[in-house]
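Thanks for sending this one over. Here are my notes, point by point, to read alongside the model.

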Amino acid sequence: METMDILEGKIKEALSIKTKIEAEHRNLSDEVLKLRESVEKLEKERDGIKHKLEKVIEKVEIYLSRSEA
């Protein structure tokens, strides 16, 4: 019976480790999803700022070309 008790203990330990790993996997998956969403948001903000900057540069170029004439 001692061998059965040892095996039962090992099985319980393995199941406990498996449960912890699965929980950690879910947490990491959630973090990855949040990071992807953050990256997408930052990329959209970057594109918006780039577009605004291009408009400002265009207006400055127009202003400079008119003032030279």
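1. Let me start with burial: of the 69 residues of the chain, 0% count as buried. Here buried means under 20% relative accessible area, exposed means over 50%, and partly exposed covers what falls in between (1.4 Å probe, protein chains only). Please keep in mind that this is a predicted model, in which local features need pLDDT of at least 70, side-chain atom pairs count only at pLDDT 80 or more, and totals for chains, interfaces and linings use all residues. Residues are numbered from 1 along each chain as its sequence is written, and side-chain values use heavy atoms, with hydrogens and water left out.

2. On secondary structure, the chain has one helix and zero strands. Both kinds of element are DSSP runs numbered from the N terminus, with helices (H or I) of at least four residues and strands (E) of at least two. Helix H1 takes in residues 2-68.

3. What about the overall dimensions? The C-alpha atoms fill a box of roughly 100 × 10 × 5 Å along the principal axes. The radius of gyration is 30 Å, while a compact globule of 69 residues would have one near 11 Å. That radius is taken over C-alpha atoms, and the globule rule is 2.2 Å times the number of residues to the power 0.38.

4. Met4 and Ile21 are 17 residues apart in sequence and 25 Å apart in space, C-alpha to C-alpha. For Ser65 and Ala23, the separation is 42 residues in sequence and 63 Å in space, again C-alpha to C-alpha. Met4 lies in helix H1 and is exposed, with a relative accessible area of 52%. Ser65, also found in helix H1, is partly exposed at 43%.

5. Now to the charges. There are 15 positive and 17 negative side chains, and the centres of the two sets lie 5 Å apart. Lys and Arg count as positive and Asp and Glu as negative, without His or the chain ends; each charge is placed at NZ of Lys, CZ of Arg, CG of Asp or CD of Glu.

6. How many salt bridges are there? The count comes to three, taking a salt bridge as a side-chain nitrogen of Lys or Arg within 4 Å of a carboxyl oxygen of Asp or Glu. Lys12 and Glu8 form one of them (3.2 Å, N to O); because these residues are four apart in helix H1, about one helical turn separates them. Lys12 is exposed at 53% relative accessibility, whereas Glu8 is partly exposed at 40%.

7. Lys18 and Glu22 also meet in a salt bridge (3.2 Å, N to O), and they too sit four residues apart in helix H1, about one turn. Lys18 is partly exposed at 46%, as is Glu22 at 35%. Asp47 pairs with Arg46, the closest N and O atoms being 3.5 Å apart. Of these two, Asp47 is partly exposed at 41% and Arg46 is exposed at 52%.

8. Leu53, Val56, Ile57, Val60, Tyr63 and Leu64 make a nonpolar patch of about 570 Å². Patches are made of residues with over 30% relative accessible area and no salt bridge, joining like charges within 9 Å and nonpolar side chains (Val, Leu, Ile, Met, Phe, Trp, Tyr) within 5 Å. Ile57 lies in helix H1 and is partly exposed at 42%. The chain exposes about 7,000 Å², with carbon and sulfur atoms supplying 60% of it; accessible areas come from the Shrake-Rupley method with a 1.4 Å probe, and for residues only the protein chains shown count as cover.
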